[in-house]
Structure formats: structure tokens, C-alpha cells
Amino acid sequence: MTNTPLSPRPLRHLSEIHRRVMTAAQLKSHGVATAEMNEQCRPGGPWQQLLPGVLLLHPGPPTGEERLHAALMYASRERTPGVPAQPNAGEEHAAPAYPEVMITGLAALTLHGFSATPPLTALDTIDVLVPRMRRLRSTGCARILRTAALPTPRQVTGLPVAPVPRALADAVAELTDASAVRRLLTEAVRGGHCEPASVVRELNQAKLLGRPHVVDAVDSLLAEGRAIAEDRLYAMVHEHGLPDPVWNVDLRLPGGPHLGGLDAYWPEQAVAVELDTRAPRQEEDALWSEYARKRETLERLGITVVHITPKKLRDGTEQQAAVVRTALMAAADRDPAAYVVVLPR
């Protein structure tokens, strides 16, 4: 008597990758008995076991794609013993093949297109993010990382992949080389993958900001992010036909105290723009209080302050230009602002 099901499902309906990598449970659902699997996986045989319960159905080393799928199958097989859902062609919103698991760390960054990360075949391990309560251990090429709250994955080449900020935090947690950390964080911002604040938020939540080499890299990241945001602000003013402001100035009351620095200022209209490049770190509340205090002081003097975040500049330049233009046009209807001294910063 065998374990062959009454109506085994043919393999031809599976995608190419799922004809090369399958779990033992999936093979059983297709009529392959355990004894046959063991025979196929004997030393020198045509199959091999990549991970517990996950088989590679050809001899020779696995490809990077096969290792990714194998790690996801291993991490999700407890929930999905059958064949993973196969989206039909053109179905953009088909059910994910690997629910509640996703690739993270260096492998995820490589999938996101980072050049500072190794190719998939050069990675010793594939990091897989799973819910905290899952009973799995790291083994072979699969390193299991647990989290209390899974982020929403991005679909990259049909695979669930952690968003860049989370993948960065998981990668940085394993790195001790300061230059490698700096390269990754710099590419994240310079390559337009994400904003510095979202990276720092993840690093803070992962309790990595106490590591000196990470703090140094974060300082470089924030400087890089501010420079990019300033370039975008210059471009917004010129591309949307706003009048030229004075750039990077300090304001003071005549013979009085320093009022604060501004990224752009239109003296005739008494309108200021300040880039909000705060990072979500422990001192955020104190820093926000300083921002709020400065804004309150300036507005009491009749100066309109427009706060713009780097993310808004990147994703909604036209909308931000409209906000500034509205503030400039409204100046004619306001009482004149107090006289202030404008100095280069």
C-alpha cells in the first residue's frame, strides 16, 4: 500500500521554479512517496535536500533564485503544506505564494537593486523574516529572523521582500564593518530607495543606534539626505517658476537675539521654508520642541513658515510648490512683518 493520492496533480501546471524546488509535502501531493524521495536524494542521485523538507530536483549547486524560493518554502511550509499559490498571468493582485514570510537583510537589498550588496549566489545565508511566534530554527542557507509586527512586503520578481528600511536594519544588525554599513545607508538615500528618517526609525527600533560604527554611518546618511533635499528644494523653486529667495540664511532681530536658520526666505513677502530633516531618534521630542518654538516666534513676528519634509519634496514637488506660491500670494493680505536682519548662514 502506498501514500499515492487517488488523483495526483500533474507538475506541468507549476511555474518553472516550482518544478525545480519543492517541499516534501508538495511532492507527496503529486504522488511521490517518501521512499522515492529518499532514493532520489541518495548521494550522487538526481535530487538533493536543500533544507529540511525542501528538495532541489536537479543535481549541482542551486541558483540564487532557487535558494530564495527554498528559504521561503522552508519558512512557510508549516502554514502552507500544499503547493504555493501560483498567480495566473496578468493577475496583479493574486494571493501571495508565501504568506507571512519575506526575504530581508542583504538578499532583500540585492533584490531591490543595491550595487553595494553581494550577488545572491555569493551570500552564505538568506535572511527570512517571520512572525515571532513561529517555531522555526535557522538551518543551512536559511537564517530565520523573528518580528512582533511584519511589515507589508514588496513584490520583487514575484517574491515577498521586506521594504528597504527594514531590510537595511536587518542587514546592519549583522555587519561590523563601518565602511560597509556606510555604503549601504548612503546607497539607500542616494539611490532614491527611501528617505533617511525611515532608515533611522528602523535602526532605532532595532536598538542599533548604540553601536558607534552605526551612529557614524547615520550621521553621514543624514548629511547626505539633507544635501539631496536641498537640491530638490532648489529644483522646485526654479522648475515651478517661484521667485528666487535668499538661500540658507539666519534671521536676527536688530540688535537682538538670533531667531534661527532657514533654508529659503523671501524677505519682501516674509515667507520662509524650512526643511524638516529630523531623524526619529531619542532626542526627537526635544528637537521638535525647538522647531515648534522657532516657528511660533517667527510667526508671531508676521513671518509665514512652510515646513517641508524630504519625502514630500520627492513625492509631491508640485503640491509643495503650490503651498509656497499660496503663501507668497497671501502676503499682500497680511499685516507687514516685523523688521528682521537677514544674514548668510
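What joins the side chains of Asp-127 and Arg-143? A polar contact of 2.6 Å does. By polar contact I mean a pair of N or O atoms within 3.5 Å; within protein, one must be able to donate a hydrogen and the other to accept it, and residues adjacent in sequence count only if both atoms are side-chain atoms.

Some housekeeping. This is a predicted model, where local features need pLDDT of at least 70 and side-chain atom pairs count only at pLDDT 80 or more, while totals for chains, interfaces and linings use all residues. Residues are numbered from 1 along each chain as its sequence is written, and side-chain values use heavy atoms, with hydrogens and water left out.

Back to Asp-127. Asp-127 sits in strand β5, residues 126-131; helices (H or I, at least four residues) and strands (E, at least two) are DSSP runs, numbered from the N terminus. With a relative accessible area of 6%, Asp-127 is buried. Buried means under 20% relative accessible area, exposed over 50%, and partly exposed in between, with a 1.4 Å probe and protein chains only. Not counting residues up to four places away in sequence, Asp-127 touches several residues, including Met-102, Thr-104 and Leu-145; contact means heavy atoms within 4.5 Å.

Next, helix α4, residues 64-76. Of its 13 residues, 12 are buried, so α4 is largely enclosed by the rest of the structure. Among the buried ones are Glu-66, Arg-67 and His-69.

Now a pair of helices. Helix α6 (residues 164-172) and helix α7 (residues 178-190) pack at about 175°, with axes 11 Å apart. Axes are lines fitted to C-alpha atoms, for helices over the stretch in contact, and angles run from 0 to 180 degrees between N-to-C directions. The two helices are therefore roughly antiparallel, the word for angles over 145 degrees. On the α6 side the contact is made by Val-164, Leu-168, Ala-171 and Val-172, and on the α7 side by Val-181, Leu-184, Leu-185 and Ala-188.

Last, His-240. Is His-240 in a helix, a strand or a loop? His-240 lies in the loop between α9 (212-239) and β9 (246-252). At 24% relative accessibility, His-240 counts as partly exposed. His-240 and Thr-317 are 77 residues apart in sequence, yet 9.0 Å apart in space, C-alpha to C-alpha. Leaving aside neighbours within four places in sequence, His-240 is in contact with Thr-317, and also with Ala-235, Glu-318, Ala-321 and Arg-325. Just after α9, Gly-241 takes a positive phi of about 65°.

Methods
Angles under 35 degrees count as roughly parallel, over 145 as roughly antiparallel, 65 to 115 as roughly perpendicular and the rest as oblique.
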